[in-house]
Amino acid sequence: MDGRFYDGKSARSHPAVVSVDAEAVTISTEEKARRWPSKGLSLTFEANEARLSHSAEPDARLVVSRTDWTQSGGLLAKQTARRDRSRERRLALTLAVVAAAVTGFVFFGIPALSGPLARATPVEYERNMGRNFDLQMNALFPRCDGEDGQVALQAMTDRLASNADTVFDIRIRAVQAPMINAFALPGGSIIVTDDLIRSAETPDEVAAVVAHEIAHVEKRHVMQAVWRSLGFGLILDAVVGGGSGAGQQAVILAGQATDLSYGRAAEHEADDRGRALLHEAGFSSRGMAAFFDRLSKMEDQKLAEAAEFAATHPASGRRAREARAAERPGAPALSAEDWRLVKSACKAEDPTLRVIRRNLGL
Ligand SMILES: [Zn+2]
């Protein structure tokens with residue numbers, strides 16, 4: 001290939017014929033031929049030029065076209081590739097170590113740290129996350145359109161939440177979803193499904209479930225669960241390219257909507273605190289045992305399988321016994337009229353959900 005050689009003594013360039021073999025670059029100008037052994041060679045690319053220099057003649061430069069250099073498949077190209085490969089190997093090793101550390105943190109560190117992390121999470125951050133969740137939940141599970149029932153449900157919730165030690169506004173809504181469930185979102189939103197309302201025999205049962213969920217919010221169990229799921233999401237985001245938060249959202253949402261489990265200790269705490277909230281509001285806490293009992297005794301197996309509240313809130317039988325031992329009488333959580341409104345809030349069923357329900361045989 002042709003090149004231009006600068007000897008470093010004058011600014012003049014010397015036309016050169018350049019050949020490359022496994023050991024050296026040979027540069028022949030009209031005055032002189034020189035061999036630059038591979039050891040000591042360095043190469044940079046600038047625009048469409050390849051620029052070479054050698055430690056033996058630090059001021060001299062050889063310039064060839066980048067295309068020619070690449071096509072020559074010369075030793076330096078190979079050597080550069082080798083250097084790149086070893087750099088890649090080092091990088092891969094570093095990444096593997098980092099990944100192992102991150103994985104260790106996610107699987108062991110985050111669960112252990114999720115409590116402190118949840119308590120340290122700024123309120124505004126959780127509120128924003130909650131707004132995001134609300135939007136996505138709305139898309140998944142449409143709000144029941146019986147507004148009077150929604151208002152009655154909120155009024156009951158306000159009474160329960162008035163004694164809760166939380167900075168969050170507890171907003172509740174009844175939604176259409178093919179499962180018996182209630183769950184709290186980050187930021188204080190609580191969702192109860194139409195199936196749960198349908199399966200409840202008294203307003204006290206709904207109140208007990210709502211009080212339990214308020215306790216999850218108060219104790220910041222929600223954010224704790226989010227932190228646990230977030231760990232997996234962070235990895236997902238790192239893999240997918242990150243920054244979008246899409247991985248985190250997907251994981252959290254899946255966890256929330258399906259089998260999010262706060263863990264036995266947190267459930268126990270929420271049962272106790274929920275019962276206290278019922279008593280402080282002057283309500284009966286008898287609905288709690290009654291509801292757990294019914295879930296654990298559901299004869300229709302399919303219905304029991306669809307009872308997500310039982311799945312995410314396990315050991316209903318034991319919890320029913322504990323609830324019965326600690327229950328106290330009180331005023332009904334809703335007037336007969338308000339209970340009727342809540343019961344009828346979800347009458348108009350969303351057509352898509354009707355199809356899902358039919359396919360599940362519910
Ligand atoms: Zn719970």
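Which side chain does Arg12 meet in a salt bridge? The partner is Glu31, with N and O 3.8 Å apart. Please keep in mind that this is a predicted model.

**Charged pairs**

The Arg12 and Glu31 pair links distant parts of the chain, 19 residues apart. Arg12 sits in the loop between strand S1 (2-6) and strand S2 (13-20), while Glu31 belongs to the loop between strand S3 (24-28) and strand S4 (33-37). Arg12 is partly exposed because its relative accessible area is 47%, and Glu31 counts as exposed because its value is 54%, with exposed meaning over 50%.

The structure holds 20 salt bridges. Three of them are set side by side here, with the N to O distance for each.

| Salt bridge | N to O distance |
|---|---|
| Arg12 and Glu31 | 3.8 Å |
| Arg275 and Asp272 | 2.8 Å |
| Glu327 and Arg286 | 3.8 Å |

Arg275 and Asp272 are both part of helix H9, three residues apart, or about one turn of the helix. An α-helix has 3.6 residues a turn, so residues three or four places apart point the same way. Arg275 counts as buried because its relative accessibility is 8%, and buried means under 20%. Asp272, with 38%, is partly exposed.

Then there is the salt bridge between Glu327 and Arg286, which also links distant parts of the chain, 41 residues apart. Glu327 lies in the loop between helix H13 (316-326) and H14, and Arg286 in helix H10 (residues 286-297). Each is partly exposed: Glu327 has 23% relative accessibility and Arg286 has 46%.

Salt bridges also join Glu218, Lys219, Arg273 and Glu280 in a network.

Now to helix H4 (residues 147-161), whose 15 residues should span 21 Å at 1.5 Å a residue; the end C-alpha atoms are 20 Å apart, which agrees. Its buried residues include Gly149, Gln150, Leu153, Met156 and Leu160. What do the buried residues of H4 pack against? Their partners are strand S8 (171-175), strand S10 (189-193), helix H6 (203-218), helix H9 (264-280) and helix H14 (336-344).

The largest nonpolar core has 48 residues, and among those with the most contacts inside it are Leu153, Met156, Leu160, Val192 and Val210. H6 gives this core its largest share, eight residues. Leaving aside neighbours within four places in sequence, Met156 is in contact with Val206, Ala207, Val210, Phe283, Ala333 and Leu334.

Notes: Residues are numbered from 1 along each chain as its sequence is written. This is a predicted model: local features need pLDDT of at least 70, side-chain atom pairs count only at pLDDT 80 or more; totals for chains, interfaces and linings use all residues. Side-chain values use heavy atoms; hydrogens and water are left out. Helices (H or I, at least four residues) and strands (E, at least two) are DSSP runs, numbered from the N terminus. The expected span of a helix is 1.5 Å times one less than its number of residues. Buried means under 20% relative accessible area, exposed over 50%, partly exposed in between (1.4 Å probe, protein chains only). Contact means heavy atoms within 4.5 Å. A nonpolar core is a set of buried Ala, Val, Leu, Ile, Met, Phe, Trp, Tyr and Cys residues joined through side-chain atoms within 4.5 Å. A salt bridge is a side-chain nitrogen of Lys or Arg within 4 Å of a carboxyl oxygen of Asp or Glu.
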